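Please look over the fold below before reading my points.

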Amino acid sequence: AQKTILIADDDQSIRTVLSQALKREGYNINATDNGATLYQWVAEGQGDLVITDVLMPGENGIDLIPKIHRRRPEMKVIVMSAQNALTTAVSAAEKGAMDFLPKPFDTDRLVEMVRNALQQNHVQIREPANEGTTKALNKSFIVGQSRAMQGIYRTIARLNNTDLTVMISGESGTGKEIIARALHEFSHRKDGPF
């Protein structure tokens, strides 16, 4: 059966570009300019995937994610934004977004993101770093089980599927290169040069 994608963005041109690109891939599209209509569709049981902008009239797209998941825990959400890319990406991940798409975006990357989201039976970024992730990171790069280290593991997990530039800062000897190597190893670029 054809999958239906629910899109919310107050920019008509973005809705048009998204709709056209995804219709060409054979998806059904419902597009709106506000979060209230998007949430109504979700509550009615419509859609297989949500793509939402952050800043829209009425409800903020990121704040909608927990509401969506309370109603439809299996619903996957991709967040788009042109604002504060890194902080927005981390905030979206904390709220339960599956992926983050910075604007302006490449339509091929969008289509790939949607395809991957619909093929997965589990939600990657929503899960906090679990024991398996922690052990893998410890074995490869980082040692530590403290609450502070768990926070670092979760941050790496949130960022590893994004195409964002990440700046790692800290005093000498705090392990910045180790974190950089961990981000690289757990990203889709792991087979490319570090």
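**Notes on the model**

1. Helix α1 has a buried set made up of I14, R15, L18, S19, A21 and L22. Buried means under 20% relative accessible area, with exposed over 50% and partly exposed in between (1.4 Å probe, protein chains only). An α-helix has 3.6 residues a turn, so residues three or four places apart point the same way. The model is predicted: local features need pLDDT of at least 70, side-chain atom pairs count only at pLDDT 80 or more, and totals for chains, interfaces and linings use all residues. Residues are numbered from 1 along each chain as its sequence is written, and side-chain values use heavy atoms, leaving out hydrogens and water.

2. What do the buried residues of α1 pack against? Their partners are strands β1, β2 (28–32), β3 (49–53) and β4 (76–81), plus helix α5 (107–119). Contact here means heavy atoms within 4.5 Å. Helices (H or I, at least four residues) and strands (E, at least two) are DSSP runs, numbered from the N terminus.

3. The geometry of α1 is as expected. It covers residues 12–24, 13 residues in all, and reaches 18 Å from first C-alpha to last, close to the 18 Å expected at 1.5 Å a residue. That expected span is 1.5 Å times one less than the number of residues. Just after the helix, G26 takes a positive phi of about 95°.

4. Now the whole chain. It has eight helices and five strands. The order from the N terminus is β-α-β-α-β-α-β-α-β-α-α-α-α. Of the 194 residues, 45% are buried. Among contacts with a separation of 6 or more, 64% join residues 24 or more positions apart.

5. L6 sits in strand β1 (residues 4–8). Its relative accessible area is 0%, so L6 is buried. Beyond residues up to four places away in sequence, L6 touches N30, L38, W41, V42, Q46, G47, L49, V50 and I51. L6 and V77 are 71 residues apart in sequence, yet 9.5 Å apart in space, C-alpha to C-alpha.
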